[in-house]
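Hi,

Here is the structure I promised to send over. My notes on it follow below, and I hope they are of use to you.

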Amino acid sequence: MPSTDAIDTQLLDLGLFVVRLVFGLIFAAHGSQKLFGWFGGYGLAGTAGWLESIGFRPGSRFATAAALAEFVGGLLLALGLLGPVGPALMISVMIVAMITVHKANPFFVSTNGIEHPLMFAVAAFGLALTGPGRYSVDYALRLERWETPGLTWIVLAVGVVGGLLQLAVRKPVTKTT
């Protein structure tokens, strides 16, 4: 009969897998709206136009970067591949979304506030810190042995800095009447 610790570890890994898979696939689907126009999205052209309207020029470059970060970041997380890289990509995009789109509004999603992107960023951060678990590509390929706390923090810091750099190169928006 397996020990209680072994059962607890199996349940922990299974729970981590379920959360990582569902959360990652939802985020990848969100990115696919921008990248491919799937699930009612606007595709790269529509996303590029919108991003230009809020100061990210050239819009096509920013749309491609955001769509790829969301799509690839979500898939990496869902697969449990490359440890904190997927979550760092997700955090980067959510920082930009919170500051440019949601911060001026009241907190909750019903008023287009930061609630939704903040939940995505915090969940991605927490999942990066826990590691992908036993039911992951990293575990199957034995890549998890390279994932040290120091490396995880560095990758997450790169994600935060990436989001802040995107904000720094944003152009002022001119209002038209």
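Which glycine follows helix 2, and is its phi positive or negative? Helix 2 is followed by Gly55, and the phi of Gly55 is positive, near 100°.

Before the rest, two words on how to read this. The model is predicted, so to speak of local features a pLDDT of at least 70 is needed, side-chain atom pairs count only at pLDDT 80 or more, and totals for chains, interfaces and linings use all residues. Residues are numbered from 1 along each chain as its sequence is written, and side-chain values use heavy atoms, with hydrogens and water left out.

**Overall**

The protein has 7 helices and 0 strands, where helices (H or I, at least four residues) and strands (E, at least two) are DSSP runs numbered from the N terminus. Along the sequence the pattern reads α-α-α-α-α-α-α. The C-alpha trace spans about 75 × 30 × 30 Å along its principal axes. Of the 177 residues, 38% are buried; buried means under 20% relative accessible area, exposed over 50%, and partly exposed in between, with a 1.4 Å probe and protein chains only. Among contacts (heavy atoms within 4.5 Å) with a separation of 6 or more, 65% join residues 24 or more positions apart.

Helix 2 covers residues 43-53, and its buried residues are Gly43, Thr47, Ala48 and Leu51. They line one face of the helix, because seen down the axis they fall within an arc of 150°, the arc being that of the directions from the helix axis to the C-beta atoms. As background, an α-helix has 3.6 residues a turn, so residues three or four places apart point the same way.

Thr47 is worth a look. Its relative accessibility is 7%, so Thr47 counts as buried. Apart from neighbours within four places in sequence, Thr47 is in contact with Lys34, Tyr42 and Ala63.

The axes of helix 2 and helix 3 come within 8 Å and cross at roughly 115°. Axes here are lines fitted to C-alpha atoms, for helices over the stretch in contact, and angles run from 0 to 180 degrees between N-to-C directions. This crossing of helix 2 and helix 3 is right-handed; a crossing is left-handed if the near helix is turned anticlockwise from the far one by less than a right angle, and right-handed if clockwise. Leu44, Thr47, Ala48, Leu51 and Glu52 of helix 2 meet Gly59, Ser60, Phe62, Ala63, Thr64 and Ala67 of helix 3. These residues divide into 6 nonpolar, 4 polar and 1 charged, with Ala, Val, Leu, Ile, Met, Phe, Trp, Tyr, Cys and Pro counted as nonpolar, Asp, Glu, Lys and Arg as charged, and the others, Gly among them, as polar.

**Helix 3 against helix 4**

Helix 3 (residues 59-79) also passes helix 4 (residues 85-102), with axes that come within 7 Å and cross at roughly 145°. Here the crossing is left-handed. The residues of this contact comprise 11 nonpolar, 3 polar and 1 charged.

**Helix 5**

Helix 5 (residues 115-130) buries Glu115, Pro117, Phe120, Ala121, Ala124, Leu127 and Ala128. His116, also in helix 5, is partly exposed, with a relative accessible area of 36%. Just after helix 5, Gly131 takes a positive phi of about 85°.

Best wishes
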